[in-house]
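Welcome, and thanks for taking a look at this one.

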Amino acid sequence: MSGSMITARFLTAAVVLLLGACANNVVVHGSFPTPVLEKLPYTLGVYYDPDFRNHEFFEEATSREETDWRVKTGEAQVQMYNTLLPGMFEKIVILNDLPRRDRVAAVAEEQVDAVLVPHVAELQYSIPNHTKINVFEIWMRYRYELYAPDGELLADWTMTSYGKTPTAFLQSAEAAVNLAAVVALRDAGANFALNFTRVPEVKLWMESMASKAKESTAEPGDTPNFEEDSP
Amino acid sequence: MRIRKFLPLTCLLALQGCVTSSVDEVLYRGTEANLGDASVVILGRRHASDYETEPDFIECVGDHIHSADSSINVMSELEFMNALYPWFEPRTAPLRPEDIERLLQVKPVVAKLQEMKTEYMVWIDGETIRTEGSGSMTCGIGPGGAGCFGFGTWGNDSHYEAAIWHFTDRVEVGRMSTTATGQSYMPAVIIPIPIIAPVQSTACDSLGEQLLHFFSAKY
C-alpha cells in the first residue's frame with residue numbers, strides 16, 4: 001500500500017471521528033419491570049410499524065457552542081412493550097403486518113382477539129443546550145390503535161408520558177438523557193397498563209368479547225324458552 | 001505518624017460549612033418496638049410538577065436506618081417499585097393511606113406484598129434547593145501554569161417531610177419533618193478551596209434518626 005493511500009485513509013478516518021465528535025448519539029437502553037396485574041383473558045396481536053421500531057429524535061445544534069443530539073428510542077420502546085404486554089394479556093403475538101381487510105387470513109391464522117398498534121405521535125424535550133445542566137426532560141404523546149382481526153378499527157386513543165433525569169450528580173449528558181428516556185418509557189407503560197381498560201371504545205370491545213364468550217359457552221338447552229302469554 | 005494520619009481528616013472537618021437544622025414530629029400511635037421479619041420501605045414523592053424528591057436522599061435515609069439497626073429490613077426504593085410495577089410510579093402511587101384499599105383489590109399485588117412482608121411505608125416529600133449565591137472567580141491557564149482567583153458563596157435549603165403509613169391497618173401513624181440550611185464558600189487563591197455545607201446529608205441524618213427512634217427497639 002502506498003504512503004499516499006495510507007495518508008488518505010488516515011485523513012478520512014480522522015474526518016469521520018471529528019464529525020462524530022460534533023454529535024451526541026444516544027441509543028436508549030434500560031431494563032423494564034414486568035407488571036403486577038391480573039391478566040386480561042385475550043390474545044393480543046401487536047404490530048410495531050417501522051417508524052415505531054426505529055423511532056429517534058434529532059436536535060440540530062444552532063450555534064458553535066452547541067452539539068447535535070440524536071437519541072434513538074425505538075429499540076427501547078419495543079423492549080418496554082414486549083415486557084409490559086405479556087404481563088397484561090393472556091397471550092401476545094408479534095405480527096409482521098398491520099391487519100387490513102385484504103389480509104384477514106394472515107391475522108386470523110394467529111388467532112388473535114385484537115391487534116394493538118402503538119405510535120409515538122409527538123415528542124418534546126429539553127436538553128442541556130436549553131437548561132445548561134445535565135437534567136433532561138422528555139414528554140411523549142402516544143397514539144394507540146386497536147384493530148379487530150378483520151382490520152376494522154375498534155379504538156383509537158392517545159396517552160402521554162413524562163420522564164426527567166432523576167439526578168444531575170456525576171452524570172454524563174448521554175447517561176442523563178438515557179435515564180430521562182427510561183423514566184418516560186416506564187411512565188408510558190404505567191399509564192397504558194392502568195388505563196387501557198378505561199378507554200371507552202376498549203370497554204365496549206371488552207363487553208362485546210364477554211358477551212361472545214358467554215354465547216359460545218351457553219349450551220343449546222340453556223337457551224331460555226319464551227312462552228307467549230295466551231290472551 | 002498518628003498525627004499525620006488525622007491531619008487530612010481534621011482539615012476536611014475544619015473546611016465544612018456550618019449547617020443549622022431542626023426536626024419536628026407528630027405520632028398518632030406509639031413507636032414500633034418489634035418489627036420482626038417485616039420490612040419497611042422508604043419512597044420518595046415525585047408527583048409534583050415543579051420538584052421531585054431526590055432518589056439519593058431516599059437511599060441515604062434508608063442506609064442511615066439500616067446501618068444503625070441492622071435488624072430493620074429496609075427495602076430499596078427501586079427494588080420495591082420494580083416489584084410492584086406499575087402501582088408505585090409517580091403518576092400511579094397512592095397519595096393517601098385509604099388508596100391502599102384500591103391496591104389490595106388486585107390479587108397479584110396482594111401476593112407480592114405478602115411475599116415482601118411490607119409492614120410500613122414511609123413517604124418522603126421534599127427537596128434541597130440552592131438559594132442565594134454571590135461572588136465571582138476567574139481562572140486562567142498559561143505557559144507557567146494555571147490558577148484561579150476570587151471568592152464565591154451560596155446557600156442551600158433542605159426541607160423534607162416523612163409520612164409513615166401502616167400498611168396492614170391502612171392508616172397514617174406519624175409524620176416527621178426536617179429543615180436544614182447552610183452556607184457554602186469557595187475562596188480561590190491559585191487553588192479553589194471548597195468549604196461545602198453538608199445541608200442535604202444533615203437533613204438525611206436528622207430524618208433518619210427520627211425514623212430510627214420510631215422503628216428501632218434499640219433507640
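In chain A, five strands make up an open sheet with mixed pairing, and their order is 5-2-6-7-8. Please keep in mind that this is a predicted model.

**The sheet of chain A**
- Strand 5 (89-95) and strand 8 (153-164) of chain A are the edge strands, each pairing on one side only.
- From one strand to the next, the twist averages 30°.
- Strand 6 (residues 114-126) and strand 7 (residues 137-147) of chain A run antiparallel and are joined by eleven bridges.
- Within this pair, A:Tyr125 has A:Ile138 of strand 7 of chain A standing opposite.

**Helices against that sheet**
- Helix 6 (residues 173-195) of chain A packs on the sheet, where it touches strand 7 and strand 8 of chain A. The direction of helix 6 makes about 140° with that of strand 8 of chain A.
- Helix 7 (residues 200-217) of chain A runs at about 130° to strand 8 of chain A, and lies across strand 2 (40-47), strand 6, strand 7 and strand 8 of chain A.

**Antiparallel strands in chain B**
- Strand 4 (residues 118-142) and strand 5 (residues 145-166) of chain B pair in the antiparallel sense over 21 bridges, and a hairpin of two residues joins them.
- Across this pair, B:Cys139 has B:Cys148 in strand 5 of chain B as its bridge partner.
- Strand 5 of chain B also pairs in the antiparallel sense with strand 6 (residues 171-192) of chain B, over 19 bridges; here B:Gly150 has B:Ala188 in strand 6 as its bridge partner.
- The hairpin of strand 5 and strand 6 of chain B has four residues between the strands, and B:Arg170 takes a positive phi near 55° there.

Definitions and conventions. Residues are numbered from 1 along each chain as its sequence is written. Chains are lettered from A and ligands numbered from 1 in the order in which they are written. This is a predicted model: local features need pLDDT of at least 70, side-chain atom pairs count only at pLDDT 80 or more; totals for chains, interfaces and linings use all residues. Two strands pair if DSSP finds at least two bridges between them. Axes are lines fitted to C-alpha atoms, for helices over the stretch in contact, and angles run from 0 to 180 degrees between N-to-C directions. Two residues are in contact if their C-beta atoms, placed from the backbone, lie within 7 Å.
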